[in-house]
Amino acid sequence: MAGKKKPLVVITRKLPDPVETRMRELFDARLNVEDRAMTRDELAAAMCEADVLVPTITDRVDAELIEQAGPNLKLIASLSNGVDHIDVTAASKKGITVTNTPNVLTEDTADMTMALMLAVPRRLAEGANVLPSDKKWAGWSPTWMLGRRIWGKRLGIVGMGRIGTAVARRAKAFGLSIHYHNRHRVLQSVEDELEATYWESLDQMLARMDIISVNCPSTPATFHLLSGRRLALMQPTAYLVNTARGDIIDEDALIKLLHDGKLAGAGLDVYENEPALNTKLLRLAAKNKVVLLPHMGSATLEGRIDMGEKVIINIRTFFDGHRPPDRVLPIRT
């Protein structure tokens, strides 16, 4: 882009220093130094003057905001794997290209999924709070803090994409039997490698698993995919882990099952109305019935830098007159 006017790029949240520095070198980049989430009015104002908006999953870029966008806004280069926070159809109608940053958070998210899969049955969060507490630890006892073994248990993966497959590889190494439900069956070579069992019926899989891991994307089709009816199919000794999106699970139904002892426990990194958190979930966490994490499944420095580099590539490619490698197209209905 030598000799050309640098595009005005508005970045809605603070990014790692190497990414922000490179952004400043290449573009007329407006940074969010305070890392304070933009209000809706601030987001609208940014979209009125920017050539490029770089939002994150905390920014709801809906049809109304897109309609109000200024004529210069030609690219929304989201720093995110999913784009459920952006109305891609509305953007397309207004001639605005949308990109995301896929395929860089697979391993980080799979690591955190596996961590929750261990933390919940083995009571790791509960145990980690024993020694720092005011109560004196009485020492080891053969019947104290007993959890459940995961070796030899059945894991049901909901969504066998890149992340689901990465979770399966880790889980297999921990001795879990791999089962999965997906829109399409994975390659035979992948099934053979993982010794995985495919379930066309999600209902049938849920009823037979010891652990369920949610790893599918958030789309209109997956909203409350794990409904109250489906959650009730799970065994009372089963555990649920979600590192995907909160709205895939009917949170109220999950809370009731946990409260009534009809599920053994859950490990959640995402929530239906985040950052607002259901107070009933917090009470369940205080009773050690659920492990709650603050949406940190992809939170590694390496992952964030990789995401930032993808944003930069998408912006540069777009302004060089080419199709960005991570362009997102509207879903056809």
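Proline 275 is found in the loop between strand S11 (265-268) and helix H12, where helices (H or I, at least four residues) and strands (E, at least two) are DSSP runs numbered from the N terminus. The model is a predicted one, in which local features need pLDDT of at least 70 and side-chain atom pairs count only at pLDDT 80 or more, while totals for chains, interfaces and linings use all residues. Residues are numbered from 1 along each chain as its sequence is written, and side-chain values use heavy atoms, with hydrogens and water left out.

The peptide bond that leads from glutamate 274 into proline 275 is cis, its omega being near 10 degrees. Helix H12 is followed by asparagine 288, which lies in the loop between H12 and S12 and has a phi near 60 degrees, a positive value in a residue other than glycine. With a relative accessible area of 42%, asparagine 288 is partly exposed, where buried means under 20%, exposed means over 50%, and partly exposed lies in between (1.4 Å probe, protein chains only).

Arginine 123 also has a phi near 60 degrees, positive although the residue is not glycine; arginine 123 sits in the loop between helix H5 (106-119) and helix H6 (124-128), and at 26% relative accessibility it counts as partly exposed.

On the scale of the whole chain, the division is into domain 1 (8-100 + 301-328) and domain 2 (106-292), with bounds that come from an automatic or database domain assignment. The centres of domain 1 and domain 2, taken over C-alpha atoms, are separated by 32 Å. Why does the second largest pocket lie between the domains? Domain 1 and domain 2 both give residues to its lining, and therefore the pocket lies between them. The second largest pocket holds about 450 Å³ of space, and among the 16 residues that line it, Ile57, Thr58, Arg60, Glu274 and Pro275 lie nearest its centre.

On a 1 Å grid over the protein atoms alone, a cavity is a set of points where a 1.4 Å probe fits but cannot get out, whereas a pocket is an open set with protein on both sides within 12 Å along at least five of seven lines, and lining residues have an atom within 4 Å of a point. By this rule there is one cavity of 30 Å³ or more. The largest cavity contains about 50 Å³ of space and is lined by Asn242, Gly246, Ile249, Glu251, Leu254, Leu268 and Val270.

The structure also holds three aromatic pairs, a pair being rings of Phe, Tyr and Trp (its six-membered ring) with centres within 6.5 Å, stacked when the planes are under 30 degrees apart, edge-to-face when over 60, and tilted for the rest. In one of them, the rings of tyrosine 180 and tyrosine 198 have their centres 5.1 Å apart and their planes at 45 degrees, so the pair is tilted. Because tyrosine 180 lies in strand S7 (residues 177-181) and tyrosine 198 in strand S8 (residues 197-198), this pair ties together parts that are 18 residues apart in sequence. Tyrosine 180 is buried, with a relative accessible area of 0%. Phenylalanine 318 and phenylalanine 319 form an edge-to-face pair, at 5.1 Å centre to centre with 80 degrees between the planes; phenylalanine 318 counts as partly exposed at 21% relative accessibility, and phenylalanine 319 counts as partly exposed at 26%.

Two loop residues complete the tour. Threonine 222, in the loop between strand S9 (211-214) and helix H10 (228-231), is buried at a relative accessible area of 12%; its side chain reaches the backbone oxygen of proline 217 at 2.8 Å, and a polar atom of that side chain lies 2.8 Å from the backbone nitrogen of threonine 219. Proline 294, in the loop between strand S12 (290-292) and helix H13 (301-319), counts as exposed at 63% relative accessibility.

How values were computed:
Grid points are joined across faces, edges and corners, and a volume is the space filled by probe spheres set on the points. A polar contact is a pair of N or O atoms within 3.5 Å; within protein, one must be able to donate a hydrogen and the other to accept it, and residues adjacent in sequence count only if both atoms are side-chain atoms.
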